[in-house]
Amino acid sequence: MTRLEKNDRLVRLGLLMIALSAISVLAIITLFIFEQGTPIMFRYGFKSFLLGQDWYPSEKSFGLLPMIVGSLMVTFGALIIGVPLGLASAIFLTEFSHRRLTRILKPVIELLAGIPSVVYGFIGLMFLVPFIRDNFGGPGLSVLAASLILGIMILPTVISIAIDSIRAVPDSYREGSIALGATRWQTVRMVVLPAARSGIIAGIILGMGRAIGETMAVIMVAGNAADIPGSILAPVRTLTSNIALEMAYASGEHREALFATGVILFIIIMILNTIANVTSTRQRKK
Amino acid sequence: MGGQLKLQPRTEQKVVQVFMYLMTSIAVLVLVFILVVILKNGLPQLNLEFLTKNPADMGREGGILSTIVATIFLTFIALLVATPLGVGTAIYLTEYTVESRITRIIRFGAECLAGIPSIIFGLFGFILFVNKLKFGWSILSGGLTLAFMVLPTIIRTSEEAIKAVPPAYRLVSFSLGSTRWQTVTRVVLPSAIPGIVTGVILSIGRSIGETAAVIFTAGSALRMPTSLFSSSRTMSVHFYILAKEGVSMPKAYGTAAVLVISILVINIVTYYLMEKYIKRKS
C-alpha cells in the first residue's frame, strides 16, 4: 500500500467519525433529556404525569394533562387553519397561476419562513389578541389566538413541501388526464393530488411538528393558564411554554418535572418525525 | 368535493379557481402584513445611535449594540463548530461511501435532529453546557447549543451542493491519478463552495432568530460580552423581553426591524446563491 492510499484510509475513517456526529448529537440529547426527566416520572408514576390535571409544582403536584391537551388543541387548530390555506396556495401556485406569478410568490413565501418566531408572537400579541378580545370576548390570549398564529407559521413549510411534491408528479399524468377530456381541476383532484399524496402528508406532518414544538410565539399569545381550556376563547398552556415559562427559576423536583415535560414533547416529536420520514421515503421509492 | 352539488365540470373549475386564488391571496397577504407592520413601526426607530449605543435602563433607553455583538459572537461560534462537522458529514455521505445502512442511519439522525424543537435544544444545552460542563450561562454554551441546532441544515445543503458537482470532474481527476481525498479537496469542494456557503448563510439566519434555545444557555444579562464565558442577551432574546414584559414598544419594534431586515437580507442572498449554484446544475 502506498503512503497516499494509507492516508486515504485515514481520511475515510476520520470522515466517518465526523459523519457519526449528527447521530451522536441526537443520541446525547435523548440521553440527557431522559436522564433528567424520567426518574421523577418513575417516582410519581406515569399516570400521575400523563393524566394528572393539577400543575402545582410548589405542592409537588405535577399533572401534565392540561399541557398535553393544550399542545394537541393548538396544533390541531393550527392544522385546521394552515393546511387548507397551504394546500390551496400550493395547488394554485403549481397548477393554476401564471408561471411569472409563481416565480415571484414562491420565493416570497420561502423568505417568510425565516422570520423569527418571536416576531410572529409579537404581531399576534399586538393585533390578533386585541381583535379576539374585542370581537369574540374572553381575554384574547387564547387557544384561538395560538392556533391562528401557529397556522400562519406553518404555512411556508406546508406550501413549499406541497409544491415540491406536486411538481414531482410527471407531466404525462396530467396530459393523459386532459386528453381524456378532464378539466384542469378534475385532473388535479383525481390524478395529481393522489399521486402527490405521500409528499403532501409528509409536509403536513412536518408542519405539525413545527406547531407542536413552537415555543416563543405561543407563550406570547396563549395566556398560559395551566388548566384544560373550556373553550377556544380560553387561555391555554402548551408543553413547550410550560418548560420555557418556569425553567428560569425552577429547581429540584420542579426542574425535573420540566424535563419530564420535555420527555413527553420529545416522544411526540420523534413519532411525528418517523411517520414523516417513512411517508416521504415511500413517495421517493415510487 | 362538490360531489353532491352537481356542478358542470367547467363551472366547478371556475369556482375552485376563484377559491384557490382567494386562499393564496390570504396566505400571502398575512405574511406580507407581518413584514409591513414591523418595518413601518420599526424603521422610524432606527438611527446611528440605536445601533451604536448600549441598552440603558433595562432597554427603555439607548440602543442595542451589546445585543448585536452578542448575537454575532454566538452565531460565529455556532458556525465555527457546525460547519466542519456538517461539511465533513456531507463529504462522507456523498464521496466516501455508497448507500448503505450506515448512511441511512446518519441521514435519519440528521432528519430527526432537524425536527427537534428548539426548546429541547435549550433544555439539553442548559444541562450539558451550563450545568455539567460548568460553562455557565455564556456565549460559549449558547453558541455550542446553536451549533447542534444548525448542524442538519449544513449537512443537507452541503450534500446537495456536492451532489450537484458533475461526475465528469471527478472522473477526470481520478484519471490523472489523484487519490479520492485529492479529488475532494482540489476538485469537488472548490466547485461546491458556493452551495456550501448557502447552507452556512441559512444557518446564520436561523441562529440570529433563535430565542428559546438561547435564553436558557446564553442567559439574558444586558451587558457587553467580554469573554466566551460572559452571559449575554442576543437581539431576539432582547426583543422577546422588551415585548413580553412591555418594557418599551418603540424599542421592541426597532429591535424587531433590525432582526427582520438582517434575516431578510440573509435569506435573499441565500435564495440568489441557491438559484445560481444548486438548482441550476441539478
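Okay, let's start with the fold of chain A: reading along the sequence, you get α-α-α-β-β-α-α-α-α-α-α-α-α-α. Counted up, chain A has twelve helices and two strands. Before I go on, keep in mind that this is a predicted model.

So what does chain B look like by comparison? Its order along the sequence is α-α-β-β-α-α-α-α-α-α-α-α-α, and that comes to eleven helices and two strands.

The C-alpha atoms of chain A take up roughly 75 × 70 × 30 Å along the principal axes. For the C-alpha trace of chain B, the spans are about 65 × 65 × 35 Å.

Now burial. In chain A, 52% of the 286 residues are buried. In chain B, 50% of the 282 residues count as buried. And on contacts: if you take those in chain A with a separation of 6 or more, 75% are between residues 24 or more positions apart. For chain B, with that cut-off of 6 or more, residues 24 or more positions apart again account for 75%.

Let's go inside. The largest nonpolar core has 176 residues, and the ones touching the most other members are V119(A), A145(A), I149(A) and V221(A). Which element puts the most into this core? That's helix α7 of chain A, residues 143-167, with 17 residues.

How many residues of each chain are involved? It's 70 residues of chain B in contact with 68 of chain A. On the chain B side, the elements giving two or more residues are α1, α3 (65-95), α4 (101-115), α5 (118-132), α6 (139-163), α8 (180-209), α10 (235-244) and α11 (249-279). The largest share of that side comes from α1(B), with 19 residues. By class, the chain B side splits into 51 nonpolar, 14 polar and five charged residues.

Who makes the contact? From α9(A) it's R184(A), W185(A) and Q186(A), and from α1(B) it's P9(B), E12(B), Q13(B) and V16(B). Sorted by class, the residues of this contact are three nonpolar, two polar and two charged.

The assignment gives domain 1 as 9-45 and domain 2 as 48-279. How far apart are the C-alpha centres of domain 1 and domain 2 of chain B? They lie 30 Å apart. Between the two, seven residues of domain 1 of chain B are in contact with eight of domain 2 of chain B. The domain 1 side of that contact has four nonpolar residues, three polar ones and no charged ones.

That's my tour; happy to take questions.

Key
Residues are numbered from 1 along each chain as its sequence is written. Chains are lettered from A and ligands numbered from 1 in the order in which they are written. This is a predicted model: local features need pLDDT of at least 70, side-chain atom pairs count only at pLDDT 80 or more; totals for chains, interfaces and linings use all residues. Helices (H or I, at least four residues) and strands (E, at least two) are DSSP runs, numbered from the N terminus. Ala, Val, Leu, Ile, Met, Phe, Trp, Tyr, Cys and Pro count as nonpolar, Asp, Glu, Lys and Arg as charged, and the others, Gly among them, as polar. A residue is buried if 20 or more other C-beta atoms lie within 10 Å of its own, exposed if 12 or fewer, and partly exposed in between; C-beta atoms are placed from the backbone. A nonpolar core is a set of buried Ala, Val, Leu, Ile, Met, Phe, Trp, Tyr and Cys residues joined through C-beta atoms within 7 Å. Domain bounds come from an automatic or database domain assignment.
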